Amino acid sequence: MKNEIQLTVNGQRQRVAVAPDTPLLYVLRNNLELNGPKYGCGLEQCGSCMVLIDGEARPSCLVPVSSLQDAVITTLDGLGNAQTLHPVQEAFVEEQAAQCGYCLNGMVMATAGLLEKNTDPREEDIRQALQGVVCRCGTHSRVLKAARKAVQLAKK
């Protein structure tokens with residue numbers, strides 16, 4: 001049975017008619033046509049579906065949409081735009097921290113979530129924040145470099 005659920009996504013109130021147990025990822029991609037979060041494993045283990053929920057980076061593939069009616073959800077699409085990139089996006093572009101791009105959403109969102117909580121993270125904090133995102137292409141060294149640069153850009 002479908003219910004009307006109200007969500008705040010990328011600063012806008014949205015209404016969707018879905019089953020209450022529908023995963024947030026499905027609503028973002030299928031109902032709201034936001035393609036930043038990707039479907040990877042469906043088990044909250046790869047990080048490709050990462051979004052910010054109330055400023056915290058979290059996988060969206062198993063979170064029931066009905067539990068988020070009072071939450072503020074930010075996707076990759078809501079971090080910045082082509083004219084004004086978010087500091088994390090800017091750093092990832094400058095450092096060319098992508099290969100196939102599938103994990104990129106998770107890497108960017110995990111870094112953005114870290115900077116929401118900690119404006120001056122240590123190397124250990126950065127590595128911990130990125131631990132939940134799997135990259136098969138081996139761009140980890142560029143991702144770490146981009147995350148370090150994002151810390152500097154965010155301070156400006």
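# A walk through the helices, salt bridges and loops

Let's begin with Lys117, which is exposed at a relative accessible area of 66%; here exposed means over 50%, buried means under 20% and partly exposed lies in between, with a 1.4 Å probe and protein chains only. This is a predicted model, in which local features need pLDDT of at least 70 and side-chain atom pairs count only at pLDDT 80 or more, while totals for chains, interfaces and linings use all residues. Residues are numbered from 1 along each chain as its sequence is written, and side-chain values use heavy atoms, with hydrogens and water left out.

Where does Lys117 sit? Its place is in helix 4, residues 104-117. Helices (H or I, at least four residues) and strands (E, at least two) are DSSP runs, numbered from the N terminus. The C-alpha atom of Lys117 is separated by 7.8 Å from that of Glu56, and the two residues are 61 apart along the chain. Another pair of this kind involves Thr74, which belongs to strand 5 (residues 72-74). Is Thr74 buried or exposed? Thr74 counts as buried, because its relative accessibility is 18%.

Now turn to how the helices pack. Helix 3 (residues 87-94) meets helix 6 (residues 140-155) at an angle of about 135°, and their axes are 8 Å apart. The axes are lines fitted to C-alpha atoms, for helices over the stretch in contact, and angles run from 0 to 180 degrees between N-to-C directions. Helix 3 and helix 6 are therefore oblique to each other; angles under 35 degrees count as roughly parallel, over 145 as roughly antiparallel, 65 to 115 as roughly perpendicular, and the rest as oblique. The crossing of these two helices, helix 3 and helix 6, is right-handed. A crossing gets that name if the near helix is turned clockwise from the far one by less than a right angle, and is left-handed if anticlockwise.

Helix 3 also packs with helix 4: their axes come within 9 Å and cross at roughly 135°. That makes helix 3 oblique to helix 4, and this crossing of helix 3 and helix 4 is right-handed too.

Salt bridges come next. How many does a search of the whole structure find? The search finds eight salt bridges, each being a side-chain nitrogen of Lys or Arg within 4 Å of a carboxyl oxygen of Asp or Glu. One of them joins Glu94 to Lys149, with the closest N and O atoms 3.1 Å apart. Glu94 lies in helix 3 and Lys149 in helix 6, so the pair ties together parts that are 55 residues apart in sequence. Glu94 is partly exposed, with a relative accessible area of 40%, and Lys149 is partly exposed at 27%.

Lys149 has a salt bridge with Glu95 as well, at 2.9 Å from N to O. Because Lys149 lies in helix 6 and Glu95 in the loop between helix 3 and helix 4, this pair ties together parts that are 54 residues apart in sequence. Glu95 is buried, with a relative accessible area of 15%.

Lys155 lies in helix 6 and Asp120 in the loop between helix 4 and helix 5 (123-130), so the pair ties together parts that are 35 residues apart in sequence. Lys155 counts as partly exposed at 45% relative accessibility. Salt bridges that share partners join Glu94, Glu95, Lys145 and Lys149 into one network.

Finally, a look at the loops. Asn10, in the loop between strand 1 (3-9) and strand 2 (12-18), has a phi near 50°, a positive value in a residue other than glycine. Asn10 is partly exposed, with a relative accessible area of 25%. Glu44 is not a glycine either, and its phi is positive at about 60°. The loop between helix 1 and strand 3 holds Glu44, which counts as partly exposed at 38% relative accessibility.

Tyr39 is placed in the loop between helix 1 (24-31) and strand 3 (50-53), and Tyr39 is partly exposed, with a relative accessible area of 40%.
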